Every structure is written in structure tokens, then in C-alpha cells.
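Please look through the structure below with its charged side chains in mind, and then turn to one of its helices.

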Amino acid sequence: MKMKKVLSLMLAAALTLSLSACGGKDSGQESQGGSKEEASGSSQEDAPSEEEADGADAGEADGSQESAGGSGMQITEEPVTLTVLTTRWGNMGDSFTNNEFLQQLEAETNVHIEWQVQSLNDWGEQKGIMLAGGELPDIIFGNQTFNDADIMNNSELFMPLDDLIDQYMPNYKKALEEMPDLKKVCTFPDGQMYSMGKNLPLRPKSCNQPIINKQWLDNLNLEVPTNVDELYEVLKAFKEQDANGNGDPNDEIPISGSKGISMDLLNPWGITDLNGYKMLVNEDGSLTYYPTCEAYKEGLKWLNKLYAEGIIDPEAFTQDDAMLTAKRQDPNVSRVGLEYAWTADSNFGQWSSEYTIIPPIAGPDGKCYTGGDVNGVSSIVRNEVMITTFCENPEVAAKWIDLFYTGEASIQNFWGGIGNVITKHDDGTYTLNDPPEGTSADAWYWDSSLRDFGPKYVSSEFEKNVKLSTESGDGKKVEDSKIAEDTVTTPYPNVMFTNEENEERPTLTTDIDKYVESTRAKWITEGGIDEEWDAYVEQLNAMGLERLIQIYTDAYDRYMAQ
């Protein structure tokens, strides 16, 4: 264990020296930053020159790539086994390893992968044990597996990747050149890259949008609401009348939730939070911590009005996801009136056809606001791949990972394999097949691929070859997002914090976030926000809010200056 770690560190050092001698960059000067996911990409795809390494080719010409079954895919003469750790949501398991592209790699690269799959349900505890034990698998996949602080606080466990990228990863190197924001996002404060990133193809520009039960509107002869006053009247009618038409006027739930309600309900007040930092980017570029702004206060007063009148489910703050799903998908009748979501199918099951996306709800100022990212920067994410210092074949690992950074490989690892989820046509285009009956498109994609996690890069040119259905899955998300694209706010980016900031920030956010959430729940369910507001702000400042805002401001300024 410890000896292996020492040997691995020696191997990493030897590799760096050998690469430098071959003309690689000085490993002390790259940079890696941070952002989030959901957007279209840049470009990539070119066949590397012969000296790039034993068939590490997976290059693309004219926007299409050689498949994993093409020639020159053997990247090592002697068979090599690599261990790859990834995390998955809930109980998804390892069905993604049947992905056609991954199976081709296994058959043709001479590299065998031993997958280690961990559920994110208990990953926090498992991660701590693994890091404390000081021994990791060869490769890590997925931005939920290890975060910035994990990497920076355990930097001896993760290889600097700059020289490996320069020497053995022509696809990813080209991606960094073609998409400067990818390199910007993936550069750590010390100037080096310890992880590789991704961009996702054909992503919506707007995020969650209001989805309303159109059947209920029709049953009550109501129009689609356009502002908060009209929405209130519609929701009140949903509550007081037999909107679902089953003869019981008391089983309708206009708004529900699990352990709280969606903060997207505050969108009409200009409150959007794509990356979870609670920071708004104003039109002049300044920043606002929204839980202390007047708009947040007024929005909560409106939600308290809804709660007091029974429009918000009284169990919304206590029930879990399973209880909420049981209400959404009651086998007898549709019961929930309004939610913010990507699409209706994954939430409402058999009743999804009753629901429709509606335009953003205008707020008291007459304007509409939607969370999202029209420029796609927040869809670029770091920490999707790491090579650890325990990897005894880092060159092989780098070549293997590089095969994921082509358009054809990326779409297969985002949606599913060609011949299953994807159909490839003779003209070089690709279409997504409809999911099996009884399965949502999202569930099918996750079952068939790495989906959101792991290495991906799709150029803007390659994207043109991918045709999505507007009736289901990601194609429907893109189509539905058009209704709100003109109202998307500028998100606070997924910035990179320094080591010191990463140590200090959790000590601040632990208490501050808990206090914000508890007071929010109290004010929605019991009221009293006007009387308690000043003391609330004073208490936040006593908890270190001003210092937290300064950390966010400094990180934002560094990000914007890159």
C-alpha cells in the first residue's frame, strides 16, 4: 500500500522528467478552472500524427470519426489492466459498462478495465475512507466523485496532466485549443491541470421551466397564466375546484415538493441559481447574494400567501422523494398542478401527456427571468477524469482516455451506443432512437451510458451531424427551452477557489446555508418575514456572510480576468 504509493509517485516523477526531455511543457505552468454542465461544445476531431503514440488515433476528419472498431486502436503491445472508479446516482449500478463503445474499447485496445462503481447515496463516507487510506484506483471518472477541494487537499494522489495531454492525448489537446473555456475551467490555482473536463452536446440554453397541467386548465376553462397574479388565480382554482375531474374537489395539490419547494418558484422575482452558490450576476456585472436581497424577501411573502391558502402542499417540507413521486404518479388520477422541470415525462409518468411547458411567469416588475446559460460556459465541467499517482501505466491510461474525446465516442458515452440508442446513417449523421415503451428517455440514457459523467467533447461542427427528436428526451428539452431563451439570466460561473478559500468556505457555508434554509421554511409556512428580516441579515453577517461574499467576489474576479 504505502510502498506502492511511493513507487507510484516515483513513476509519476520519472514520467514528468521523460516528457520534459521530449519537449513537453514545464509541468509547473498550466491552469485549471471550473464551470458546470449543460451546453454545446467546440471542436476537436483530427487524426494525430504517427509520433503521437501507438495508434492512440481516434481522429476525425470532416466532422466524423473512425469508430472504435477501426484500425490502429491497439494502444499497447502487452495487455494492460486499469482500474476505473466512477460514481452513479442512487442504485443505477454498472449497466453502462455494456455500452457498445466501451465494449469495443475493451476488445480492441488491449486494455482491460476493472470498473469500480459506487453509489452517490453513501459516497461521502466511502470517499473519506478511500482518501484517508491513501490508495486509489488508476483512473477516476465523474465530477461528483472528487471535487476541487478533494484534489487540492490530496494533490499527492493525483497526477498533473499537462505533459500527458501534450504527449499522448491529441484529441483532448485539440479540444483545449478549440475551446479556450475548457482549458480555463480545468486549470487549478497553481497553474496545472489535475483533471480533464467535458462539454455536453446539444444542450438546452434554459433550465427548468414551468410545467402546468393543461388538462386541468381545460377542465376549468382557464387560460395559461402569464404573470404571478394570474398564476395565483389559476393555482387557487386548482385547489378549490375539481380540476382533475374525478368528483373529489380535495385531492388536487397545486404545488408540492420534497424536503422543501423548488426555488425556481422565485424566478419571477429574478432569483435564479444555476450553480447553487446563491449569487446573482447583475446586468452591470456586480454580484448579489440573493438570500438578503429585497426580491427574495418579496418572493417568500408570495409563497407564504400560497401556503396559508393551502395551495402549497402542507407536506412539501417533510415528505421525501418517494412520497412526492407517489403523489405525482398516483395510478388513479393526476394530482399535482404545477412544477418547474426539464420535461414532464420523468416526473409524472402516465399523466405526463396532461402537462405542458408554458412561457416563464412574469414577475411584479413585468419581466421574466429563467435560469440557464445561453453561452454554454456552465455546461463545461472539470473533474470528469483524473489519473492517480497509483497508476503504473499513465501513458496507456492517457491514450485510453483520449479515445473518449471524439464526437462519435462522446455521443455514445452521453446517450448510448451506436446500434442501440443511436443510429448512424450512411450520410454521416446520427439520430437517437425512441426509448423502449414504459421507460423515459432520461432513464434509458443513464442505463446505456456514462451520461453526464466522464470524458466528452463534441465540436460545434460534429454537433451538426446529430439529429434529435423534438418529441422526447434531450431533443424535447432543447425544443422546449426555446420558449424561454430570451429570458435567461447570466449565471454565476462554476469558479475555482484557492486552497485557502476551499478551507475557509465550508466553515462559513455550513452554518449560513442551514440558517438560510431554516428561516426560508419558517417564513413560507408561518410568515413573519417583515418583522424578522433585519435580525436575520444581522445574524448572517455575524456568521461571516461578508467574508463569504468576498470569497465569491474574489473567485469571480479571477475567473473573469482569465
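In this predicted model, K278 and D513 form a salt bridge whose closest N and O atoms are 3.4 Å apart. Because K278 belongs to the loop between α9 and β8 (279-281) whereas D513 sits in helix α18 (residues 499-526), the pair ties together parts that are 235 residues apart in sequence. The lysine of this pair, K278, counts as buried because its relative accessibility is 9%, while D513, at 23%, counts as partly exposed.

A salt bridge is also formed by K327 and D313, with 2.7 Å between the closest N and O atoms. This pair links distant parts of the chain, since K327 lies in helix α11 (residues 321-328) and D313, 14 residues apart from it, in the loop between α10 and α11. Both K327 and D313 are buried.

Within helix α17 (residues 473-481), K476 and D480 are four residues apart and therefore separated by about one helical turn; they form a salt bridge in which the closest N and O atoms are 3.3 Å apart. Over the whole structure, a search finds 29 salt bridges.

Note on methods: Residues numbered from 1 in each chain as written. Predicted model: local features only at pLDDT ≥ 70, side-chain atom pairs only at ≥ 80, totals over all residues. Heavy atoms only, no water. Salt bridge = Lys/Arg side-chain N within 4 Å of Asp/Glu carboxyl O. Helix = DSSP H or I, 4+ residues; strand = E, 2+ residues; numbered from the N terminus. Buried < 20%, exposed > 50% of the residue type's maximum accessible area, 1.4 Å probe, protein only.
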